[in-house]
Amino acid sequence: LGDKTITYSETFKFFMTTTLPNPHYSPEISVKVTLLNFAITPTGLEDQMLGIVVAKERPDLEEQKNQLVKENAKMNRQLKEIEGEI
């Protein structure tokens with residue numbers, strides 16, 4: 001932390017909660033964390049669970065999805081910049 005080195009523990013878990021009904025996180029953050037919405041629909045829960053299974057059974061597909069999300073975010077930023085110039 002700060003200028004001090006700390007040891008990393010494989011069992012470390014960090015949980016955050018919010019009272020916001022629909023918090024927004026950047027795509028870069030979203031691919032690095034697992035978001036759990038307790039006000040989720042059964043279909044949404046099924047989609048989240050499927051994503052976890054894919055990440056465990058086919059990490060190559062999960063990595064490909066993460067890359068696509070990052071590329072999509074980058075292209076959206078570029079689009080906004082180009083629209084701003086027009």
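I took residue numbers from 1 along each chain as its sequence is written, and side-chain values from heavy atoms, with hydrogens and water left out. Because the model is predicted, local features need pLDDT of at least 70 and side-chain atom pairs count only at pLDDT 80 or more, while totals for chains, interfaces and linings use all residues.

Entry 1, salt bridges. I searched the whole structure for salt bridges (a side-chain nitrogen of Lys or Arg within 4 Å of a carboxyl oxygen of Asp or Glu) and found three. In one of them R77 pairs with E28, with 3.2 Å between the closest N and O atoms. R77 lies in helix α3 (residues 59-85) and E28 in helix α1, so this pair ties together parts 49 residues apart in sequence; helices here are DSSP runs of H or I with at least four residues, numbered from the N terminus. I noted R77 as partly exposed at 43% relative accessibility and E28 likewise at 27%, where partly exposed lies between buried (under 20% relative accessible area) and exposed (over 50%), with a 1.4 Å probe and protein chains only.

R58 meets D60 with the closest N and O atoms 2.9 Å apart. The side chains of K65 and E62 form a salt bridge at 3.8 Å, N to O, and both residues lie in helix α3, three residues apart, about one turn of the helix.

I found Y25 in the segment before α1 (27-30), partly exposed at 30% relative accessibility.

How values were computed. Helices (H or I, at least four residues) and strands (E, at least two) are DSSP runs, numbered from the N terminus.
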